[in-house]
Amino acid sequence: MLSPQENIILVGFMGTGKSSLGRLIAKKTGRRFVDIDQMVVQSESREISQIFKESGEDYFRRIETFLLGTLKAGSGLVIATGGGIVTQPENIPLLRAQGFVVWLQADEDEIFNRVSRNSNRPLLQTEDPRKTISDLLARRHPLYEAACHFSVDTTHLSHKQAADAVISEETRRISVQNNV
Ligand code: S3P
């Protein structure tokens with residue numbers, strides 16, 4: 001039986017499916033879904049692209065960290081985070097203290113295909129988005145690794161398969177904890 005209490009926190013690069021998978025995992029496990037990007041948008045009453053343009057990335061990062069800190073461990077949530085949440089060093093222990101952190105991975109080509117479908121992401125409004133993705137991925141790889149308890153490569157998985165992989169690992173983890 002799943003613990004309804006532990007938060008499941010999804011981290012990973014833009015386009016790895018954090019929000020859509022998060023919604024599915026929430027539905028399958030009876031948890032409530034929250035999306036930190038959406039929390040930022042609501043608290044600022046502005047879109048993310050507007051926040052970046054008008055107030056800068058540092059400002060966005062401060063709001064993101066503040067809102068992450070308002071979530072409490074053991075609240076029975078599925079939390080989708082923004083792809084850059086791991087870039088703030090204080091967020092890594094915070095994420096790990098708040099629940100089961102899952103890193104959703106995908107191949108670079110697949111990420112590029114997925115994010116090319118929309119132009120909402122301020123960090124990818126560059127002359128060479130493909131290179132930007134490659135550079136950001138290289139820089140962030142060790143940060144996601146440090147933040148996560150578990151990782152799933154979603155490149156060749158359906159949403160259902162990826163959600164099931166997360167849920168079965170969470171179930172295993174809870175049963176190990178309960179047997180100690
Ligand atoms: C960002 C990812 C975005 C959003 C913002 C910055 C990043 O979220 O938080 O545009 O730094 O990778 P998604 O990963 O949900 O696209």
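**The ligand and its pocket**

Among the elements that line the largest pocket, α1 provides the largest share, with four residues. The structure is a predicted model, and the ligand in it sits in this largest pocket.

**The largest pocket**

- The volume of the largest pocket is about 860 Å³, and of the 38 residues that line it, Met-14, Gly-15, Ser-19, Asp-37 and Arg-121 are the closest to its centre.
- At least two residues of the lining come from each of α1 (18–29), α2 (36–44), α3, α4, α6 (108–115) and α8 (159–179).
- When the lining residues are sorted by class, 16 are polar, 11 are nonpolar and 11 are charged.

**The shell around the ligand**

- The ligand is surrounded by 14 residues, and the closest of these are Lys-18, Asp-37, Arg-61, Arg-121 and Arg-140.
- By class, the shell around the ligand holds six nonpolar, three polar and five charged residues.

**Contacts with oxygen atoms of the ligand**

- Arg-61 places a polar side-chain atom 2.6 Å from an oxygen atom of the ligand, while for Lys-18 a polar side-chain atom lies 2.7 Å from an oxygen atom of the ligand.
- Gly-84 takes part through its backbone, with an N or O atom that lies 3.3 Å from an oxygen atom of the ligand.
- On its own the ligand has 380 Å² of accessible area, and the protein covers 93% of that area.
- The elements that contribute two or more residues to the shell around the ligand are α3 (48–55) and α4 (57–70), and both of these helices also supply at least two residues to the lining of the largest pocket.

Technical notes:
Residues are numbered from 1 along each chain as its sequence is written. This is a predicted model: local features need pLDDT of at least 70, side-chain atom pairs count only at pLDDT 80 or more; totals for chains, interfaces and linings use all residues. Side-chain values use heavy atoms; hydrogens and water are left out. A residue is near a molecule or strand if one of its heavy atoms lies within 4 Å of it. A polar contact is a pair of N or O atoms within 3.5 Å; within protein, one must be able to donate a hydrogen and the other to accept it, and residues adjacent in sequence count only if both atoms are side-chain atoms. Accessible areas come from the Shrake-Rupley method with a 1.4 Å probe; for residues, only the protein chains shown count as cover. On a 1 Å grid over the protein atoms alone, a cavity is a set of points where a 1.4 Å probe fits but cannot get out, and a pocket is an open set with protein on both sides within 12 Å along at least five of seven lines; lining residues have an atom within 4 Å of a point. A molecule sits in a cavity or pocket if more than half of its atoms lie within 2 Å of its grid points. Ala, Val, Leu, Ile, Met, Phe, Trp, Tyr, Cys and Pro count as nonpolar, Asp, Glu, Lys and Arg as charged, and the others, Gly among them, as polar. Grid points are joined across faces, edges and corners, and a volume is the space filled by probe spheres set on the points.
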